[in-house]
Amino acid sequence: MVASLTTKTIVGLEIHVQLATRTKLFCGCALEFGATPNSRTCPVCLGLPGSLPVMNRAAFDASVRFALAMNCKIATYTKWDRKSYYYPDLPKNYQISQYDLPLGYEGYCDIDGDEGQSKRIRIRRAHLEEDAGKNLHDVPGCSLVDLNRTGTPLLEIVTEPDIDCAQDAFDFCTGLQKLAVYLGVSEASMQKGQMRFEPNINVEITRGGEVFRTPIAEVKNLNSFRAVRDAIEYESKRQVQDWLADEDYVFGKASNENRGWNADKQMTEYQRSKEAAHDYRYFPDPDLMPVTTTADWVDSVRKELPESPTVRCDRLVSAFGLSQGDADLIVADRGDAELFDAAVDGDKKLAKRMTSLMLGAAKKSANDRELTVSTVLPSATSWQQLVRMVEDGVVNASAGERLLLEAMENTAGEIDFEQMAKDRNLVQVQDVGQMSAWVEQVFTENDGAVQDALSNPKKAKAAPGFLTGKVMQVSGGKADPKVVRQLIAAKIKEMQTE
Amino acid sequence: MAKLLTESDVRHIATLSRLQLSDNEIAMMTEELSAIVGYVDQLSEVDVEGVVPTAHAVEVQNVFRDDVVRDSIGADKALANAPEREETFFKVPKVLDQDTV
């Protein structure tokens with residue numbers, strides 16, 4: 001009989017995020033996706049003798065912002081080191097990275113876990129380093145090298161092995177992308193390869209009280225969230241199978257290995273053993289000066305951080321009673337979220353109305369043009385005015401939507417919705433006498449429906465709605481449907497008692 | 001004097017440095033590198049008790065430049081000394097064991 005197995009997947013992630021600077025990390029060459037190969041190079045990023053790197057302040061600042069948003073501690077003293085390796089995509093023969101004193105360390109990010117519980121993934125370190133160039137292999141026997149990417153600033157983020165399933169890794173990575181975009185520290189475009197992932201995976205197997213651990217597999221260079229999820233899924237099965245086939249396939253006995261993800265076959269493939277671990281011979285880069293930070297400066301950067309997407313989402317739900325789904329949609333874009341907050345200005349009533357206008361007609365109209373709501377109609381003042389008008393019954397909901405769509409078609413500036421409503425003759429009639437007169441007229445013209453409302457049990461419920469619609473028609477959409485409904489109900493009651 | 005480096009150390013360093021050395025050269029390098037390391041090793045005689053580790057001899061910190069684009073030299077200049085090129089790529093012998101950053 002085979003003793004039953006329980007398995008637990010253990011995953012730590014290394015993630016490279018390209019920072020959204022205009023220029024490279026150590027020289028003034030422009031960062032430009034898709035430029036002519038080797039056209040964005042200079043003596044510094046070509047690694048020519050005698051050239052000297054100088055740190056890009058924007059890259060360092062963005063790194064600190066990102067690290068702080070991941071709740072990292074910021075080093076008071078940080079430095080850069082040379083990591084030696086010989087490949088043509090890095091012509092200096094070393095990469096400038098950070099070895100023992102990363103700029104950020106001991107942070108964490110929370111992701112959604114089961115049953116509304118959040119899970120904490122600890123961040124071991126975040127360090128600023130340069131990217132290598134690109135090798136192309138489309139010529140037999142040769143590699144073609146493009147050094148445009150050489151020297152691109154990357155923040156490398158390393159988590160603790162706190163992730164225990166593929167879905168959590170997926171959620172963590174997508175959450176990190178959202179955060180990076182929110183902070184404005186990275187465009188985090190997957191298409192442009194601005195986020196790359198390397199999960200380190202092994203499995204803890206328990207059989208009859210005995211615990212076994214498989215060797216760690218590092219899956220190299222994944223460039224999509226799905227690949228991260230699928231590769232972890234695959235590895236957590238593959239490693240158990242390999243252990244079942246050979247009980248010496250355990251950590252310490254068998255060596256750790258690098259594997260690559262084959263998306264076509266949906267499997268990882270063995271690349272090399274890590275037994276011959278690379279000896280990178282790190283040493284401090286003498287060309288770059290260390291950077292020191294003060295607590296005051298770090299505090300001031302922390303204060304300027306925007307509210308994180310997760311925190312913001314929770315706040316919209318708890319403060320305004322939005323559904324989680326609606327809150328997610330609003331928060332998905334930072335501009336939209338800020339517009340929402342500015343227009344609503346803490347007023348719960350306005351929040352509901354704002355949500356339905358923003359996520360309904362406005363979002364569709366913006367999406368059709370592949371834009372966000374806040375880029376099409378950015379004025380919070382105008383939004384607030386419109387939302388208030390609908391809320392106060394100055395215009396009804398459908399008129400509000402009509403005004404909004406018209407405004408979004410025509411201009412991106414400030415809009416005077418009140419004037420616009422007057423010009424379009426959409427201001428609701430508040431005069432009860434006028435509305436009563438319309439009700440009288442509709443009752444006279446629609447005797448069938450009136451009789452239904454009075455005495456047809458099958459139609460008594462639907463008839464008042466029909467009559468309300470008629471009154472709205474007669475009024476040219478200007479009657480306040482709430483008042484009209486009340487007037488109709490009162491009139492029917494009156495007729496019944498007569 | 002006992003050698004500070006063994007021949008196998010030197011072979012390892014040669015591999016890391018992508019150098020192909022003959023057995024004679026290995027023997028010679030072991031001799032010479034040992035002498036160099038031995039010379040530098042004199043530093044370990046200095047008492048550094050209580051001295052904070054330092055990465056730089058110069059007391060300069062926080063040297064930054066602004067994120068302003070400067071002209072690149074252009075592909076043709078970049079490729080001027082390349083032994084081989086293909087369009088505006090450097091053309092090099094095929095890289096097999098490609099590691100990523």
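Buried, as the word is used in these legends, means under 20% relative accessible area, whereas exposed means over 50% and partly exposed lies in between. By that criterion both Asp81(A) and Lys79(A) are buried, and every view below is taken from a predicted model.

**View 1. Lys79(A) forms salt bridges with Asp81(A) and with Asp100(A).** In the contact between Asp81(A) and Lys79(A), the closest N and O atoms are 2.5 Å apart, while in the contact between Lys79(A) and Asp100(A) the closest N and O atoms are 2.9 Å apart. Lys79(A) is placed in the loop between β4 (77-78) and β5 (81-84) of chain A, and Asp100(A) in the loop between β6 (94-97) and β7 (104-112), so this pair ties together parts that are 21 residues apart in sequence. Lys79(A) counts as buried because its relative accessibility is 7%, whereas Asp100(A), at 46% relative accessibility, counts as partly exposed. Over all chains, a search of the whole structure finds 41 salt bridges.

**View 2. A salt bridge joins Arg259(A) to Glu235(A) within a network of such contacts.** The closest N and O atoms of Arg259(A) and Glu235(A) are 3.1 Å apart. This pair links distant parts of the chain, with Arg259(A) in strand β15 (residues 257-262) and Glu235(A) in helix α4 (residues 225-245) of chain A, 24 residues apart. Arg259(A) is buried, with a relative accessible area of 8%, and Glu235(A), at 0% relative accessibility, counts as buried as well. The network of salt bridges that holds this pair links Glu235(A), Arg238(A), Asp242(A), Glu257(A) and Arg259(A).

**View 3. Glu414(A), Asp416(A), Glu418(A) and Asp423(A) gather on the surface as a patch of negative charge.** One of these residues, Glu414(A), belongs to the loop between α12 (397-410) and α13 (417-423) of chain A. With a relative accessible area of 57%, Glu414(A) is exposed.

**View 4. A nonpolar patch lies on the surface of chain B.** The patch is formed by Ile36(B), Tyr39(B), Val40(B), Leu43(B), Val46(B), Val48(B) and Val51(B), which together have about 740 Å² of accessible area. Among them, Tyr39(B) has its place in helix α2 (residues 23-41) of chain B, and Tyr39(B) is exposed because its relative accessible area is 61%.

**View 5. Cys72(A) is in no disulfide, and its nearest cysteine sulfur belongs to Cys109(A).** A disulfide requires a pair of cysteine sulfur atoms within 2.5 Å, and by this rule the count comes to 0 disulfides over all chains. For Cys72(A), the nearest cysteine sulfur, that of Cys109(A), is 7.5 Å away. Cys72(A) is buried, with a relative accessible area of 4%, and Cys142(A), a further cysteine of chain A, also counts as buried, at 15% relative accessibility.

View 6. Tyr182(A) is part of helix α3 (residues 166-183) of chain A and is buried, with a relative accessible area of 2%. Val185(A) has its place in the loop between α3 and β12 (195-207) of chain A, where Val185(A) is buried, with a relative accessible area of 2%.

**View 7. Asp345(A) and Glu370(A) have a positive phi although neither is a glycine.** Most residues other than glycine have a negative phi. The phi of Asp345(A) is about 50 degrees, and this residue sits in the loop between α8 (334-344) and α9 (348-368) of chain A, where Asp345(A) counts as exposed at 57% relative accessibility. The phi of Glu370(A) is about 55 degrees, and the place of Glu370(A) is in the loop between α9 and α10 (373-376) of chain A. Glu370(A) is exposed, with a relative accessible area of 75%.

Note on methods. Residues are numbered from 1 along each chain as its sequence is written. Chains are lettered from A and ligands numbered from 1 in the order in which they are written. This is a predicted model: local features need pLDDT of at least 70, side-chain atom pairs count only at pLDDT 80 or more; totals for chains, interfaces and linings use all residues. Side-chain values use heavy atoms; hydrogens and water are left out. Patches are made of residues with over 30% relative accessible area and no salt bridge: like charges are joined within 9 Å, nonpolar side chains (Val, Leu, Ile, Met, Phe, Trp, Tyr) within 5 Å. Accessible areas come from the Shrake-Rupley method with a 1.4 Å probe; for residues, only the protein chains shown count as cover. A salt bridge is a side-chain nitrogen of Lys or Arg within 4 Å of a carboxyl oxygen of Asp or Glu. Lys and Arg count as positive and Asp and Glu as negative; His and the chain ends are not counted. The place of a charge is taken as NZ of Lys, CZ of Arg, CG of Asp or CD of Glu. Helices (H or I, at least four residues) and strands (E, at least two) are DSSP runs, numbered from the N terminus. Buried means under 20% relative accessible area, exposed over 50%, partly exposed in between (1.4 Å probe, protein chains only).
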